[in-house]
Amino acid sequence: MRTDTAPTIFRQDYVPYPYRLPRVRLEFDLAAESTRVRSELRFEPAPGTAPGTPLVLQGEDLELVEVRLDGRPLAADEYQLADDTLSLVPPGHGKPFTIGIVSLCRPAENTTLMGLYVSGDKLFTQCEAQGFRRITWFPDRPDVMARFEVLLRADPAAYPLLLSNGNLIEQAGLPDGRHQALWRDPHPKPCYLFALVAGDFDCIERTETTRSGREVLLQVYSDKGYREQTRWALDCLANALHWDERRFGLELDLDRFMVVAARDFNMGAMENKGLNIFNAAYVLADPATATDAAYRGIEAVIGHEYFHNWTGNRVTCRDWFQLSLKEGLTVFRDQEFSADMLAAGLPPAEAASARAVKRIDDVHTLRLAQFPEDAGPMAHPIRPDSYQEIGNFYTATVYEKGAEVIRMQHTLLGEDGFRAGMDEYFRRHDGQAVTCDDFVDAMESIYAQRHPGQDFSVFRRWYEQAGTPRVRVRSHYDPAARACRITLEQRCAPAGLEARQSPPPEKPPLHIPLAIGLIDADGRSMPIQWEGEARDTVVLELREASGTWTLTDIPRAPVLSLLRGFSAPVILETDRTADDLALLARRDPDPFARWDAVQETAHRHLQACIEAGRSGGPQPALDTLLEIWRAALKDERLSPAYQARLLALPALREVIDRGEPMDPQAAVAAWTRTRQALGARLADAWRAAYDALADDGGPYSPDPVSSGRRALRNLALDNLLAGQAPGAVELALAQYRQARNMTESLGALTALLQHAPQDAAGPLADFHARWRDDPLVLDRWFGAQAGAPGCTVAGVRALMALPDFSLRNPNRARAVVFRFCLDNPGNLHTPEGYDFWAEQVLALDALNPEVAARLSRAFDNWARHEPVARAGMQAALRRVLDAPGLSRNVREIVSKALA
Ligand code: ZN
């Protein structure tokens, strides 16, 4: 993994693997210090493979013991061992042959958490994308699919449970006192879906009946003593199973489906066939320890990994450039699952609002994480064309923008058409490793049937182009003709490093579905005559650089409600006035567009504040935003969950990102002042809401209605504290003391740390004393402090000096170091802050390059900053790039940032 020159891999260079691998047998002698792996790989030449074509296997950080060919041990000159490969020329007779390899790896020394590693006293594996090569030499690529048989041997005292993919065939004691378990996975799979787990666990399980009447066993494994915290995850798993049957007709293809919680994990979770391994943060929950948001996060991730069983495992990726084939699609599926779960059982109007809340949260994530990525040096199409380290491409673009691209296909095809396209995709490709084009082909086959003469040729450019397109909207109303003419124009500026290319790459127009509606000056919806009927919302399909639509029978001048439901991942440029936006912010019947209008109003205000600060001019008036907020807070027809979204100021990071140039300190000042002013001037309304939303004393439930009330109540408390309302501190202290769940106690603690740190000491000490032994809850304690404006670099260093801190545990590193670097811009953007970042990137890189590379992305957009921040960040990046022994992961990020 460590190298000075990282070769670039190109999508265009794909060549199929010359050998097939129908069967694999693996034997593990498991021990933390040293694990011995014996593999037996049955190869056959692929059709067309010439005799003498070398067989190349990947391996990393392994110790080779022996290599055999058809049972015969090979002499050292019969194979080549290079840095990360083992190659040999197989016999030229074109018949199947068997390679046997014995090798050793060292799980206890493996701090990368890729391959086989130790977490606590247990053993776990992580193989996606290229971790399997750290377990044994293997054709480590997703298009080589094999049937695996796995024999695990270990000391039963240390490792009473031995799990792998598929079905347990037999389990037995061994004469030497160890025990063994034999697992067989009936489904061929690429090695990135391999997993094993060994250790002592609690387990809860249940059987469910699939729609074809099969009984399947669902199990969730956790650390001893945490059984009661896995019930929600098991419920979510059962819900996911039935949802995929209902919505997509997809049934579980295994007799047994296991989820195991790991304390040390680089990402959220991993969809290994039949043996999902999860970051414990996405498994464990009970009312006392998990927030409402954590409950929803578990539902989303359990769903996501479960849905991968079809979209990812049954049909997998041909190569890693196709990652969005499985990730974009599976994110879309988990978003829909969450939305359906939120809406379940609610009357139609409330169900629509619950779904809109989910949509708002997803779009917010996209804008916060993906839009800046698409404007920076790491910008890439959802199907990248090249990479140095694939681990760096598990990005918001591949996942979140990828999901938007799937969602647009859903919009263009409709629910029925999309379902037909999915059916067609599985009919064509079940059991194969395929490409994004194969997916679009399946969808297009349905689209072309239903829209004769049309195809997805323009739409496919979404897979080829990086950058967030801008759509300029102009409208003109002609009262005499009662017609409204709408003109759309799209352009996509060079993204990131494209700006350096000469000539700049050509970016032809995309196929953009833009959902719009019209409202009149009183906020009433004005129906649009469209395809023979009157509709409130229509979708304009822009396929060229510009297009014009004339809507007729419009009695009065309309205000345009645009990008309803966020129908495409674009940035709008409109001629809407502040008054138009204010009308939409109060009255737009589309809940997404209404939220967006409030956000846009707040953004305009915040940028005006920043500008005023810079020019020394008067601060802009707050009245419009204030009145919109007051109305939203008092509108009893709205659900509290939706109100909580309407009344959230744009995240500080978004505000910084909008600056030209980006000026973090100015943004912090403007944002803080605005929060204070809004809090103070609406104090009475916030106080009334706070009191009205008090807990009814019933048992805790994470349902959308009660969690929405808690969200709005915590927001009220935050605003009361921000506005320094009399009695607010007492209110927060009382909420902390009386809290009946983690949402309430963390809400109080966070609000105190944000606005009244001098009063937070008591609750902080109490929280620590109470939760010091529960790592996930302790992460909250760390995180709330690291993200507070009072936490300086000295403060974050003090947190890291505590005995509870360790950089080796990714969740703890994220709670402290990442939280500080991502959510504490006022303190990060200082000379000490820049030093701190560089130092932590390097310290993490020595342990865990994947996690270090994520932290290194925090300075992606340094060049868009004002000169002082820009120079500080640039120097810190240089310092990292110049450090000896940098991983390929961090090197790729930092060298692209400085390119
Ligand atoms: Zn995924």
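Visitor: Over residues 110–193, what percentage of the chain is strand?
Guide: This is a predicted model, in which local features need pLDDT of at least 70, side-chain atom pairs count only at pLDDT 80 or more, and totals for chains, interfaces and linings use all residues. Residues are numbered from 1 along each chain as its sequence is written. UniProt, in an unreviewed entry, places the domain "Aminopeptidase N-like N-terminal" at residues 110–193 (positions are in the numbering used here, feature names are shortened, and annotations may be inferred rather than shown by experiment). With helices (H or I, at least four residues) and strands (E, at least two) taken as DSSP runs numbered from the N terminus, that stretch has end C-alpha atoms 20 Å apart, 0% helix and a strand content of 42%.

Visitor: Are helices H14 and H16 roughly parallel or roughly antiparallel?
Guide: Axes are lines fitted to C-alpha atoms, for helices over the stretch in contact, and angles run from 0 to 180 degrees between N-to-C directions. The axes of H14 (residues 704–722) and H16 (residues 742–755) come within 9 Å and cross at roughly 20°. Angles under 35 degrees count as roughly parallel, over 145 as roughly antiparallel, 65 to 115 as roughly perpendicular and the rest as oblique. The crossing angle therefore makes H14 and H16 roughly parallel.

Visitor: How many charged residues are in the contact of H14 with H16?
Guide: Residues are in contact if their C-beta atoms, placed from the backbone, lie within 7 Å. Among those making this contact are Arg710 and Asp718 of H14 and Glu744 of H16. Ala, Val, Leu, Ile, Met, Phe, Trp, Tyr, Cys and Pro count as nonpolar, Asp, Glu, Lys and Arg as charged, and the others, Gly among them, as polar. By class, the contact has five nonpolar and five polar residues, and the number of charged residues is three.

Visitor: What is the phi of Arg482?
Guide: Arg482 is found in the loop between strand S25 (470–478) and S26. Although Arg482 is not a glycine, its phi is positive, at about 50°.

Notes: Two residues are in contact if their C-beta atoms, placed from the backbone, lie within 7 Å.
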